[in-house]
Amino acid sequence: MSDATLSHGAEHAAEPHEHAPHHPFLQHHFEDMGQQHEASTLGMWFFVAQEILFFGALFAAYFVYREMYPDAWKAGSHHQNWQIGAINTIVLIGSSLTMALAVWGAQGAKRKFTTLMLVLTLLLGGIFVGVKGYEYAEHIHEGLFPGANFTYVEKVPELTQGVQLFMIFYFTMTGLHALHMVIGAGLLLYFIRRTWRGDFGPEYYSPIEIMGLYWHFVDIVWIFLFPLLYLV
Amino acid sequence: MAHLEQGHQPDHETYHGHAAPPHQAPLGMYFAVFAALMVLTVLTVWVSRIDLGALNTAVAMAIAIVKALVVILWFMHVIHSPRLTWIIVICSFLWLTVLFVLTFSDYLTRHWNMY
C-alpha cells in the first residue's frame, strides 16, 4: 500500500517534465519561466540601483556647486534653449511610452506590434540624441565648451568662471545621459532582431521587460536634468 | 475542494510553480501614464516661469519626483512586482538619501559659522 502511494507520488512529481517540455529559453538553473523572469528583473533592478547612485553622486555635486555659485548657475542655465529642452523631454517620454507598449506587446505575443514599438523607441531615442548633438554644436560655436576653447565672456565678467563650471556639469551630466541612450540604442537593435525572429511571447518576455527598465531609468534621469539645467 | 482550487489563482508575490502568467496591464493605462507625464512636464515649465524665490527648485524637484514615481510604478511595473523588487527599489533610494543628506549636511552648513 505505502509503496503504491510512494510511486504514485513520484510519478506525479515527474509529471510536468514528461508532459510539458522545457521552454527553449528556460535556463537549467531555474525551475520555471516565472522564477527565471523574477530573477532577471530583480537582477536588473540591482543594476538600476547602482545606476541611481552613479547619477545621484553627480546630482549631489551639482547641488553643492549650485549653492556656491547660484548666480552663475542662473546665467549658465540661460544659455540653454528651454524650448528645445522641453521638446526633447516630450520626445524622450514618448519613447518611454513606445518602450512600455513594446513590453505590453511582447506579453501578448504581438510580434509585429512589438517590433514596431521597439523601432519607434529607437527612432525617438535617435531624435533625442540628434537634438542633443545640435545643442552641443551651438554651445561649442558660442565658445561655451569648458577648457581652452571656453571663450565666452558674461555681461557680468565675474560670473564667467562660474558659468564654465556650470557648463562642465552640463556636458558631464547630459554627456553621460546621452552615452546611456547610445548604449540603449545598441540594445534596442539587438532586441528588434530577436523580436522579429519571434523569440518573445507571454511565456518569455523578460529581456524586453529588462530593456524597458533600462530605458525608463534613462528617461527618469532626464526628468531631473531638464529642470536643473534648463529652468534654473 | 473549492478552496484548494483558489490556491491556483495567479499570485503576484511569487510565480513559483506557475507558468509565469504575465501581468498584462490594460493598454489605456500606458496612455494615461503618458498623458500624466505630459501634464507634469507642462507644469514644470509653467511653474519655473513664476518667481517663487528659493521655492522654485523645491517645486521643480517635487514635480520631477512625482514624474519619476509614476514611471517607476507603472512603466517599470513595480506596482505589480514581488516584494523583493520593492525592497531593492526602496533601498536604492534610501542609499541615495543617505548620499544627499550626508553630503549636504557638510557642504550646505560650512558657512553657518560666519553668522
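## Helix pair α2(A) and α6(A)

The crossing of α2(A) past α6(A) is left-handed. The model in which this pair sits is a predicted one. The two axes approach within 11 Å, and they cross at roughly 165 degrees. An angle over 145 degrees counts as roughly antiparallel, and α2(A) and α6(A) are therefore roughly antiparallel to each other.

On the α2(A) side, the contact is made by A:Leu58, A:Tyr62 and A:Tyr65. On the α6(A) side, the residues are A:Leu165, A:Phe169, A:Thr172 and A:Met173. By class, the residues of this contact divide into six nonpolar, one polar and no charged.

## Helix pair α2(A) and α4(B)

Helix α2 of chain A also packs against a helix of chain B, α4(B), at an angle of about 15 degrees and with the axes 9 Å apart. That angle makes α2(A) roughly parallel to α4(B), since angles under 35 degrees count as roughly parallel. Here α2(A) passes α4(B) in a right-handed crossing. The residues of the contact between α2(A) and α4(B) comprise 21 nonpolar, five polar and one charged.

## The contact between chains A and B

Taken as a whole, the contact between the chains draws 43 residues from chain A and 39 residues from chain B. On the side of chain A that touches chain B, the elements giving two or more residues are α2, α4 and α7 of chain A. The most come from α2(A), which gives 18 residues to this side. This side of chain A holds 27 nonpolar, 11 polar and five charged residues.

## The largest nonpolar core

How many residues does the largest nonpolar core have? The count is 69, and the residues with the most contacts inside this core are A:Ala100, A:Ala102, A:Val103, A:Ile208, A:Val221 and A:Leu225. Both chains take part: α2 (33-68), α3 (70-78), α4 (82-107), α5 (111-141), α6 (160-197) and α7 (206-230) of chain A, and α2 (27-48) and α3 (55-75) of chain B, each supply at least two residues of the core. Helix α7(A) gives the most, with 18 residues.

One of the residues with the most contacts inside the core is A:Ile208. Residues up to four places away in sequence aside, A:Ile208 touches A:Ala102, A:Val103, A:Ala106, A:Phe191 and A:Phe200. Of these partners, A:Ala102 and A:Val103 are also among the residues with the most contacts inside the core.

## Two helix residues of chain A

Residue A:Leu124 is found in helix α5 of chain A. A:Leu124 has 19 other C-beta atoms within 10 Å and is partly exposed, because a residue needs 20 or more to be buried.

Residue A:Ala185 belongs to helix α6 of chain A. With 17 C-beta neighbours inside 10 Å, A:Ala185 also counts as partly exposed. Not counting residues up to four places away in sequence, A:Ala185 touches A:Leu122, A:Gly125 and A:Gly126. Between the C-alpha atoms of A:Ala185 and A:Ser96 there are 13 Å, while 89 residues separate this pair along the chain.

## Positive phi in two loops

In the loop between α4 and α5 of chain A lies A:Ala109. Phi of A:Ala109 is near 60 degrees, a positive value in a residue other than glycine. A:Ala109 is partly exposed, with 16 other C-beta atoms within 10 Å.

Chain B has a case of its own in B:His77, where phi is near 60 degrees, again positive in a residue that is not glycine. B:His77 is placed in the loop between α3 and α4 (83-107) of chain B. Is B:His77 buried or partly exposed? B:His77 counts as buried, because 20 C-beta neighbours lie inside 10 Å and the cut-off is 20 or more.

## Chain B overall

Chain B contains four helices and zero strands. Along the sequence, the pattern of chain B reads α-α-α-α. Of the 115 residues in chain B, 18% are buried. Among the contacts in chain B between residues at least 6 apart in sequence, 47% join residues at least 24 apart.

How values were computed: Residues are numbered from 1 along each chain as its sequence is written. Chains are lettered from A and ligands numbered from 1 in the order in which they are written. This is a predicted model: local features need pLDDT of at least 70, side-chain atom pairs count only at pLDDT 80 or more; totals for chains, interfaces and linings use all residues. A nonpolar core is a set of buried Ala, Val, Leu, Ile, Met, Phe, Trp, Tyr and Cys residues joined through C-beta atoms within 7 Å. A residue is buried if 20 or more other C-beta atoms lie within 10 Å of its own, exposed if 12 or fewer, and partly exposed in between; C-beta atoms are placed from the backbone. Two residues are in contact if their C-beta atoms, placed from the backbone, lie within 7 Å. Ala, Val, Leu, Ile, Met, Phe, Trp, Tyr, Cys and Pro count as nonpolar, Asp, Glu, Lys and Arg as charged, and the others, Gly among them, as polar. Axes are lines fitted to C-alpha atoms, for helices over the stretch in contact, and angles run from 0 to 180 degrees between N-to-C directions. Angles under 35 degrees count as roughly parallel, over 145 as roughly antiparallel, 65 to 115 as roughly perpendicular and the rest as oblique. A crossing is left-handed if the near helix is turned anticlockwise from the far one by less than a right angle, and right-handed if clockwise.
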